[in-house]
Amino acid sequence: MTLTAAWKRVGASAAGAFTVYASVLRPRIQWLGTSNEERAATYPGDDLIPSGRRYGAMATTIAAPPECVWPWLVQMGCDRAGFYSFDRLDNGGRPSADHIHTQWLNLREGDSIASVPDASRWFNVALLAPEQALVLRASLTVPAARNFDPADGLPRAYSDSTWGFFLRPTVDGKTRLVVTGKARGAPHPLIAAGNWLVWDPAHWVMQRKQFAGLRHRAESMTTETATARALATAT
């Protein structure tokens with residue numbers, strides 16, 4: 001086989017793999033576990049990113065009511081309870097909390113939570129509706145990944161996105177949790193390529209792990225969670 005023929009075979013294989021990813025795998029990654037209604041819904045905070053595009057949605061059912069899931073969400077952060085996903089990747093190897101810390105339950109809109117272990121980058125709490133919605137926003141320059149304030153104008157190269165957690169009680173006392181958001185960025189071709197090839201698969205892997213972490217914690221420790229919630233409300 002000549003070198004040219006070998007390269008043609010490599011190119012054909014790569015094109016085939018990309019076609020399978022784009023037509024079969026990516027749609028499943030983008031909308032994992034969601035219903036048609038959840039995919040078509042409008043969510044609180046959708047208006048935070050002007051001209052933003054929905055990057056997909058993922059959903060799970062947790063066998064605990066929203067009041068027992070909510071405290072686990074509001075205590076998230078690298079400077080707090082972690083993210084209940086792969087701790088070596090998103091929490092500096094420090095194990096995510098396995099119980100509720102009441103001192104972290106007073107999260108408010110406008111607060112920031114660390115998104116990396118050294119707290120050099122963070123999420124802004126853009127929207128908070130107790131036991132219903134938590135929307136985190138990351139506005140970062142590219143490629144330096146430094147936080148910026150969108151109110152001060154947009155850099156030439158940037159990524160601006162929301163990561164929203166939306167809780168809905170079910171008739172049988174469980175919680176339907178949908179995670180979705182919107183994003184924009186520039187230069188658009190570069191950001192879009194990065195999302196397709198890196199961000200979407202990484203988000204799918206990390207979000208699935210986080211769902212598992214949340215289910216385990218909320219379902220196995222509902223009594224502690226409810227008690228912590230009561231204490232937080234009382235203060």
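This is a predicted model: local features need pLDDT of at least 70, side-chain atom pairs count only at pLDDT 80 or more; totals for chains, interfaces and linings use all residues.
**Briefing: loops, buried helix and enclosed spaces**

The protein contains six helices and six strands, which follow one another from the N terminus in the order α-α-β-α-α-β-β-β-β-β-α-α.

**Overall make-up and confidence**

- Of the 235 residues in the protein, 40% are buried, while the accessible surface amounts to about 12600 Å², with carbon and sulfur atoms accounting for 58% of it.
- When contacts between residues at least 6 apart in sequence are considered, 65% of them join residues that are at least 24 apart.
- Over residues 10-21 the pLDDT stays under 50, and for this stretch the model has nine contacts beyond four places in sequence.

**Backbone features in the loops**

- A cis peptide bond also joins Ala 186 and Pro 187, where omega is about -5°, and Pro 187 belongs to the loop between β6 and α5 (188-220).
- Tyr 84 has a positive phi of about 60° although it is not a glycine, and this tyrosine lies in the loop that links α3 with α4 (87-90).
- Tyr 84 is counted as buried because its relative accessible area is 2%, which is under the 20% limit for that class.
- Ala 119, a residue other than glycine, likewise has a positive phi, near 60°, and its place is in the loop between β2 (112-114) and β3 (122-129).
- Ala 119 has a relative accessibility of 41% and therefore counts as partly exposed, since that class covers values between the 20% limit for buried and the 50% limit for exposed.

**Helix α3**

- Helix α3, made up of residues 66-74, is mostly covered, with eight of its nine residues buried.
- The buried residues of α3 are Pro 66, Cys 68, Val 69, Trp 70, Pro 71, Trp 72, Leu 73 and Val 74.
- Glu 67 is also part of helix α3, but this glutamate counts as partly exposed because its relative accessibility is 29%.
- The C-alpha atom of Glu 67 is separated by 8.6 Å from that of Pro 130, although the two residues are 63 apart along the chain.

**The second largest pocket**

- The second largest pocket has a volume of about 290 Å³ and a lining of 14 residues, among which Ala 41, Tyr 43, Phe 166, Arg 168 and Val 178 lie nearest its centre.
- At least two lining residues of this pocket come from each of α2 (36-40), β5 (158-169) and β6 (175-186), and the largest share, three residues, is supplied by β5.
- By class, the lining of the second largest pocket consists of seven nonpolar, three polar and four charged residues.

**Cavities**

- Two cavities of 30 Å³ or more are found in the structure, and the largest cavity holds about 80 Å³ of space.
- Strand β1 gives the most to the lining of the largest cavity, with four residues, and the lining as a whole divides into five nonpolar, four polar and one charged residues.
- The second largest cavity has a volume of about 30 Å³, and the elements that give two or more residues to its lining are β5 and β6.
- The lining of the second largest cavity is formed by Pro 44, Gly 45, Asp 46, Arg 54, Val 135, Thr 162, Gly 164, Phe 166, Thr 180 and Gly 181, with β5 giving the most, three residues.
- In terms of class, three nonpolar, five polar and two charged residues line the second largest cavity.

Note on methods: Residues are numbered from 1 along each chain as its sequence is written. Side-chain values use heavy atoms; hydrogens and water are left out. Buried means under 20% relative accessible area, exposed over 50%, partly exposed in between (1.4 Å probe, protein chains only). Contact means heavy atoms within 4.5 Å. Accessible areas come from the Shrake-Rupley method with a 1.4 Å probe; for residues, only the protein chains shown count as cover. pLDDT is the predictor's confidence in each residue, from 0 to 100. On a 1 Å grid over the protein atoms alone, a cavity is a set of points where a 1.4 Å probe fits but cannot get out, and a pocket is an open set with protein on both sides within 12 Å along at least five of seven lines; lining residues have an atom within 4 Å of a point. Grid points are joined across faces, edges and corners, and a volume is the space filled by probe spheres set on the points. Ala, Val, Leu, Ile, Met, Phe, Trp, Tyr, Cys and Pro count as nonpolar, Asp, Glu, Lys and Arg as charged, and the others, Gly among them, as polar.
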